[in-house]
Structures are given as C-alpha cells and as structure tokens.
Amino acid sequence: MNGTGFIGLGNMGGRITRRLVEAGHSVLGYDPAAGAAERAGATPAADVAEVARENDLVLLSLPDSRAVEAVVLGEDGVLAHARPGQIVVDLSTAAPDSTRRIAAALAGRDARYLDAGISGGAAGAEKGVLTLMVGGEEQALDQARPTLTAFAAKIFHMGPSGTGHSAKLLNNFLNAVSLAATSEVMVAARKAGLDLRTLLDVLNSSSGANWATANRFPHIVEGDYLEGGLTSTLMTKDVILYVDHLRALGVPSLNSAGPLASFGLAANLGYADQISNRVVDAIGDITGGVRLHDEPEGTVTT
Ligand code: NAD
C-alpha cells in the first residue's frame with residue numbers, strides 16, 4: 001500500500017503514530033490539536049481531506065462514533081475521497097451499529113473499513129504490543145497487517161464488520177467492572193488497616209485476581225497512577241456503549257450500574273480528564289480523603 005495516514009493523534013493515536021514512524025513508515029497525520037502531528041513524529045496534514053486523498057491506508061483513533069462519523073461521513077471527509085482498494089482502519093472504541101453503517105457506505109465506493117478495537121492502553125502502544133480485535137473483510141486485514149504489526153503484537157480477526165468493536169466493548173466492560181470494584185476494595189482495605197502490598201499479593205494468588213489487581217494497583221499503591229491512559233470520560237463512554245449494545249442484542253445488563261456510578265462519581269469530583277485509575281481517589285474522597293499511598297513530602301492536600 002502507498003502511504004499511511006493517521007487521523008486523531010491523542011493519547012493512543014499519537015503513541016501509535018510514533019511507533020509507526022520508528023518502524024520506518026512515513027505517516028501523514030491530522031489532529032485539530034495544535035502540534036499533535038509534530039509531537040508524534042508525523043508530517044502534519046492541513047485537514048482530513050488531505051490525509052484521505054494522499055493515502056491508501058488511513059487509520060483513525062477518535063473519541064467516539066460521533067467523531068468517527070464526522071471524520072468519515074462529514075463534508076469533505078474520508079468517504080468523499082474514498083476509492084477502490086483504499087482501506088480505513090478504525091482503532092477507536094465505537095458503536096458497532098455506526099461502524100457497520102460506515103463500512104457499508106465505504107463499500108459503496110469499493111473501499112474497505114476495518115473496525116479494530118485495541119487493548120493494552122498507552123503503555124502497550126508505547127511498546128508496540130497492543131492487541132487488536134478486528135471486524136471486516138479478512139483480505140483487507142491481510143493487506144493492512146504489515147502496517148498494524150508495527151504497533152500490535154496480537155491481531156485477532158473476529159468476523160464481519162462490527163465484531164471488532166463488539167469484542168472491544170465486551171472486554172472494556174470487564175475492565176471497568178474490575179477497576180471500579182478493586183478501587184472500592186482497596187479503599188476499604190486502607191480503612192481496615194491492612195498492608196496493601198501484602199493484600200495485593202494475596203488477591204493475585206486468590207480468586208479475586210483481575211487485571212487491576214495484577215497490573216494497576218501494584219503501581220497505584222506506590223503513587224504511580226500510570227498517567228496517559230483511558231480517562232474516566234472515555235471509560236464512561238465505553239460502558240454506555242456496552243449497555244446500548246446489550247440492549248440492541250436483547251441481553252439484560254445487570255452489572256453496569258456499579259461502573260457507571262463509580263466513573264460518573266470520578267468525573268463529577270474533577271477527575272473526568274484524568275486516567276480512569278483515579279476512580280480510586282474519587283472513592284477515597286467520599287470516604288474522608290483516603291489515599292492508598294503516602295503523599296510525597298511537601299504535598300498540600302486540598
Ligand atoms: P484522546 O482524547 O487522547 O484522543 C482523541 C484525539 O482525537 C484527540 O487528539 C482529538 O483532538 C482528536 N479528534 C477529536 N475529534 C477529531 C476530529 N473531528 N478530527 C480529527 N481529530 C479529532 O483519546 P485516546 O485516549 O487517544 O482514545 C482514542 C480512542 O481509543 C477512544 O475511542 C478510546 O476509547 C480508545 N481507546 C483508548 C485507550 C486508552 O488507553 N487511552 C485504550 C483503548 C482504546
């Protein structure tokens with residue numbers, strides 16, 4: 001395929017672009033945030049249209065389906081420039097229904113749309129070891145694969161259009177539940193006077209083990225929140241998309257209230273645009289200011 005274009009150079013897109021550039025790809029990038037393309041090592045494009053015109057492979061990493069629809073279906077967007085053989089890979093976490101509509105619109109111009117949910121977060125993007133779960137034509141995935149392997153260690157083809165984003169929503173719901181529940185447990189453990197490092201060793205050897213106990217809280221108890229990853233705003237968006245998806249499937253969602261309440265609380269207490277791991281501080285705030293770690297000397301707690 002000729003060049004690689006990238007639209008949406010935020011926490012994930014910026015890091016993925018950096019990996020692509022380091023792997024020797026030249027990337028034409030667009031993001032309305034000033035300097036985002038340069039920071040990621042991409043050649044800055046003037047607008048979405050320039051990226052779509054100049055590249056046979058276009059990658060998107062945008063906040064939600066509304067932004068994806070604006071970029072692809074909007075005036076002078078990707079669809080307006082789509083052509084036979086062009087492949088668009090949507091790395092955003094988005095609504096499968098919207099994804100299927102966009103894929104059909106691009107198919108009308110003989111271009112292909114792959115919905116590629118990603119997991120692994122900012123750290124996985126930096127190391128180039130993300131996991132991709134991809135919906136859409138397998139042949140198009142095979143064509144895009146040499147580029148995708150610059151930032152993904154595992155690539156799963158899930159089935160037809162929409163199945164990649166569906167898999168991503170199901171995974172993220174479990175991530176949201178385990179992060180919210182573990183946060184509550186860790187605040188309770190602090191109040192109970194338990195040694196948190198020992199408790200994490202216990203949990204990780206017991207049936208309570210999960211991604212948060214294994215990979216998040218060993219850092220959080222040291223005061224490292226792993227900044228740069230998914231915010232509480234985006235986490236809430238993912239859970240709402242999950243609930244919508246289940247409603248469309250006719251499956252009752254009996255467990256979504258907990259994470260919606262927890263990440264909604266975090267957003268309302270001022271952590272909306274910080275990493276979703278800060279939900280533990282939000283729960284700590286309404287428990288009288290509990291923190292899992294000792295504040296560094298000189299820190300003023302307001
Ligand atoms: P982000 O908010 O940091 O980045 C989104 C970028 O899109 C921003 O730079 C913004 O300026 C840009 N943007 C918004 N509207 C645009 C438009 N119309 N045209 C061009 N650019 C536009 O978000 P993020 O954390 O990088 O997440 C991006 C997507 O990846 C989201 O759908 C998120 O749910 C998903 N995701 C994030 C993580 C993570 O750990 N952060 C992990 C997996 C999936």
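Reply: Let us begin with the whole model, which is a predicted one, and in which 15 salt bridges are found. One of these salt bridges joins the side chains of Glu126 and Arg15, with 2.5 Å from N to O. Glu126 belongs to helix α6 (residues 121–127) and Arg15 to helix α1, so that this pair, 111 residues apart, links distant parts of the chain.

Now to the two parts that meet. The protein chain is divided into domain 1, residues 4–160, and domain 2, residues 166–285, and the C-alpha centres of domain 1 and domain 2 are 27 Å apart. Where they touch, domain 1 contributes 14 residues to the contact and domain 2 contributes twelve residues.

The records can be set beside this division. An unreviewed UniProt entry gives residues 5–159 the annotation "domain: 6-phosphogluconate dehydrogenase NADP-binding", and over residues 5–159 the chain is 41% helix and 25% strand, with 25 Å between the end C-alpha atoms. The UniProt feature "domain: 3-hydroxyisobutyrate dehydrogenase-like NAD-binding", also from an unreviewed entry, is placed at residues 162–258, where the chain is 69% helix and 0% strand, and where the end C-alpha atoms are 26 Å apart.

On the side of domain 1, Thr93, Pro96 and Met133 supply 42% of the area buried against domain 2, which is more than any other three residues supply.

Turning to the pairs that cross the interface, zero salt bridges are found between domain 1 and domain 2, whereas three residue pairs, both members at pLDDT 80 or more, are in polar contact there. On the side of domain 1 that touches domain 2, the elements giving two or more residues are α1 (11–22) and β6 (112–119), and β6 gives the most, with three residues.

Note on methods: Residues numbered from 1 in each chain as written. Predicted model: local features only at pLDDT ≥ 70, side-chain atom pairs only at ≥ 80, totals over all residues. Heavy atoms only, no water. Domains from an automatic or database assignment. Contact = heavy atoms within 4.5 Å. Buried area = accessible area lost by both parts, 1.4 Å probe. Salt bridge = Lys/Arg side-chain N within 4 Å of Asp/Glu carboxyl O. Polar contact = N/O pair within 3.5 Å; in protein donor to acceptor, adjacent residues only side chain to side chain. Helix = DSSP H or I, 4+ residues; strand = E, 2+ residues; numbered from the N terminus. UniProt positions renumbered as here; feature names shortened; annotations may be inferred.
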